[in-house]
Amino acid sequence: MKLRKQVTVCGGAIFCVAVFSLYLMLDRVQHDPARRQSSGNFPRSQISVLQNRIEQLEQLLEENHQIISHIKDSVMELTDTGAVSPSGHLPFRSANGSWVLPFDGRPTFLAVKPQDCQFAVGNRGQADVQMLDVYSLLKFDNPDGGVWKQGFDITYEPDEWDNEPLQVFVVPHSHNDPGWVKTFDKYFTDQTQHILNNMVVKLAEDPRRKFIWSEISFFSKWWETADIHKQEAVRKLILGGQLEIVTGGWVMTDEANVHYFAMIDQLIEGHQWLERNLGITPRSGWAVDPFGHSATMPYLLKRANLTSMLIQRVHYSIKKHFASTRSLEFMWRQAWDTGANTDIFCHMMPFYSYDVPHTCGPDPKICCQFDFKRLPGGRINCPWKVPPKTVVEANIAERAHLLLDQYRKKSKLYRSKVLLVPLGDDFRYDKALEWDQQYINYQKLFDYMNTHPEMHVQAQFGTLTDYFNAVYKAHSIPQGSRPPEYPVLSGDFFAYADREDHYWTGYFTSRPFYKSLDRVIESHLRGAEILYSLAVANARHAGMEGRYPVSDYALLVDARRSVGLFQHHDAITGTAKENVVIDYGTRLLRSLIGLKRVIINAAHFLVMKNKEFYRFYQTDRSSQERLCAVTVLVNTVRVRILTEDGQTVPVQLSAQWSSASQMSATFMARLPPLGLAVFHLYDSPDSPMTLRSDTLLRLPGRSVTARAGDPLPVRSQQADAQTFYISSQSLTLGFSGTTGLLESIKRKDDPREVKVQMQFMVYGTRPSKDKSGAYLFLPDGKAKPYNQKEPPVVRVVEGPLFSEVVAHYQHFQQTIRIHNVPGVDGLSVEITTMVDIRDQTNKELAMRLVTDIQSGDVFYTDLNGFQMQPRRHYLKLPLQANFYPMPSQAYIQDSHHRLTLHTAQSLGVSSLESGQLEVIMDRRLMQDDNRGLGQGLKDNKKTANRFRLLLERRSTGNKVTGLKFQNRRRFPRMTDSGTTSFPSILSHMTDAVLNHEVLALPVLPKRRGIPPLQTFAPLKSLLPCDFHLLNMRSIQSQDPHSPSPYTALILHRLGLDCGLEVQNLGFNCTTTQGQGSKEIYLLQPLSVVFI
């Protein structure tokens, strides 16, 4: 009878909601001035307007239908349980074992329109060179190429330049790593400051001298100590074109492990510094040392108004192929670009390295003779046993002709008669003597060449932009335009190999503790930026600017720069010396403490209001409303949690296994986007809404038992081989009774149980002289299964809000949890793997997922969390060559399912067999891999690697984009359309949940009482679900430690794969329907700059 009454009430509610919603829709159409039509006949121009309004009404009707459907589903689910709570209270466990929760009361809808899918399925701008095709084409063999060992013999006709002389731009540079074998500060003290001091003096001695500089982290530190005369001298050198700042980022960022939030942030920090102190904007990009190159970087540089760029570390076989087809200069286009809007001109250096022996031409033995720092008597020499000679009258002709021969041979690899010759190396030009040795000797050679017309060459020092401008001028085109007949390329340049089978794929995982820490701090930085911007704007609007601690801005700047520094290609990569890694970690930890202070101050300011009880509040850094499970630590089972309006919420108490005095209290919270929600936490007698977890220990052996006791009793049983399960309202997971590891996933709406078997594997390193190290992955063959003598202890925890299985092994502890909440948080599997391999020697631990998804040799990895890149597993390549960086996700798919592994830290990933995904979790290596570091990886830490596993089903009739199925091959084959792929809208939301966790901020009671608080919701209307608010960054004023009145709002429009079934996300989700712009209404007025 009770149940019947509940159904009746709910049914009545459906009718009321339907009538009320329709009334609101009609009211909006009739009374909204924007929708009102003037009387009389409709002009033809207004017919389309009327049609659009009819479509809007249809959409509102559909949204209303979805709301009603969700309420009906909730009623039917309640009815289908076939049980009534004995006490009449919710939550309770029904007869079939499922938990019945209180109805949330907030029906939700998701409206994805065909227009939202147009971008993902639209036609792409055609590229002449697609890197997926290049990989399929090349043999990746390594024949001896002669003097250019990895290339081929280059010949030319002496009269080729008679009609158009060769233009040579020699570009002096000094590559300064902000930390590698020395710390950032040590490098600055020992070398960098002397380089820049000498630069000011030596460039001024001759206006023909040029120099380029990249790393603003170093330059800004030097600038702070430089006197006003040096600063003015620098401005004069820049104005005169003698000094160029290239790229202008805080660092020369890594491109494999970094997230695009940090890539953009370090670029903004550098560019803001340059604008404020020098009044310049960089025009050309310079990336000579990142270990492989991402397609995200050219897009960001293009958006930052750079017109050209240069890259260096590319697989030697690809360089050789591009050189043989004269494709080393190309327009780099995004694979998803529907036109040519993202094109940027890119120059690829052709040879082994960016040092002098490998930049003047194909023969390093000759080029080394023109590195005048290596003159006899110096500290370094030429390995080829032929030293440089000082240029004098007696040898200048022979020297000039020898060098010109190299210039001509190198120019044959390019399509113009303009040649770029970098002149530098790591930390070069730190002594005044080297400035004289290089500049004086080269100027003599240039003068000789330029005064001998029969040589048909014009040689000079130049900047990077001098070179690019000369190329554009030679083709009579504007800067940044595509020269005629130059190829268009799309794709990326991973994985990198510099010689033989030495693939730089180990650094995708090296030092995962710091990769994880970086992402935690990035998330805190984003949250602090948003809250600080909102708090300052709120204070200004309320006339309370003097009461808000604007001085917190200095903490933000410090964190920006610490995070920016860590994006350096020897920092986040895990390829620095141990003491340098400690220095990076110390800086990051200091920044994290500062960011917590910024967040606390801003949050407290935004939620102030009179309240009576002790309460804490949460901040949601998501761009959309969020319904999720939140966990806080408590020291009593007498817990009751209320919303701000006094509604008691269900709470699940569970043991905190690392502490005897604390417990976890998990509750369901609905949080406003970018906002703060207040919850009241009481120490009170047990509430019927507060339930204790049911904990079962599955123990190996017959005689072992667990002691059950209050306040949270534990049961135990002997483990058996039988599969066991945990369930939520959305998912059922199967686990091996033997291993305690995941075996299968079944979605509630899918009749098929999908095999998803978790395995752990171990790689060793090869026994020969070349072994794995910080950079290189050189395994001793295929991975071997992880084994330990004793069976694992497995803990099974079940409750109304979450259930989890924890498997304890010697070198890892894996927790797999599912949340029993509607929406995004409940649709994926949360995985936390605590790894500790500190007692291992030359071992790498891998987590492998084995499924029955027919993915063939195709898998997908993300580039910098920004875009997806299709990959193929090639048998012609060594095992280590098939690993790729995974900063945020990887997936496999077939015509029925897609399985996505979302990650909260960057790691190396591959798919070595059909249906598999494999992630390298940690690496402990006892030796250096001969790339200059001089150390192995022996400073491992106990590290928690966090993931979300999302199983999605393809909509009926949808085929896998870019995959073609053939009867004679059960596996998918990539076709021309398979160069792009996109996550679903649920996948995008899952990524946000994983990478931007809710922050719980407890308010401690004080003698004077409790701070009065209220919910803060800054947005009047929600952001569309296909928008991600990347950052809301307060812009610096002329004083670097205080903000200007302006805020940069950085939005990312997300591409969607609409071929996957859409599920209830747990909040009202609207999209842009393919439109590029969207109005954003803030509660308080802000000065916002859209960039």
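The bend at a residue is the angle between axes fitted to the seven residues ending there and the seven starting there. The views below come from a predicted model, in which local features need pLDDT of at least 70, side-chain atom pairs count only at pLDDT 80 or more, and totals for chains, interfaces and linings use all residues. Residues are numbered from 1 along each chain as its sequence is written, and side-chain values use heavy atoms, with hydrogens and water left out.

**View 1. Helix α5 is kinked at Asp190.** The kink is about 45°. Helix α5 covers residues 184-204, 21 residues in total. Helices (H or I, at least four residues) and strands (E, at least two) are DSSP runs, numbered from the N terminus. From first C-alpha to last, α5 reaches 28 Å, close to the 30 Å expected at 1.5 Å a residue. That expected span is 1.5 Å times one less than the number of residues. Buried residues of α5 include Phe184, Tyr187, Phe188, Ile195 and Leu203. Buried means under 20% relative accessible area, exposed over 50%, partly exposed in between (1.4 Å probe, protein chains only).

**View 2. Charges sit over the rings of Phe188 and Tyr891.** Lys221 lies over the face of Phe188, 5.4 Å from the ring centre. Phe188 is one of the buried residues of α5. The charged end of Arg898 is 4.0 Å from the ring centre of Tyr891. The rule requires NZ of Lys or CZ of Arg within 6 Å of the ring centre and within 35 degrees of the ring normal.

**View 3. Phe291 and Trp504 form a tilted aromatic pair.** Rings of Phe, Tyr and Trp (its six-membered ring) pair if their centres lie within 6.5 Å; planes under 30 degrees apart count as stacked, over 60 as edge-to-face and the rest as tilted. The count by this rule is 55 aromatic pairs. For Phe291 and Trp504, the centres are 5.0 Å apart and the planes at 50°. Phe291 lies in the loop between β7 (284-287) and α9 (296-303), and Trp504 in the loop between β13 (488-490) and α15 (512-541), so the pair ties together parts 213 residues apart in sequence. Phe291 is buried at 2% relative accessible area. Trp504 is buried at 3%.

**View 4. Tyr467 and Phe468 also make a tilted pair.** Their ring centres lie 5.4 Å apart, with planes at 55°. Tyr467 is buried at 0% relative accessibility. Phe468 is buried at 0% too.

**View 5. One aromatic cluster includes Phe211, Phe370 and Trp435.** Tyr429, Tyr439 and Phe461 are among its other members.
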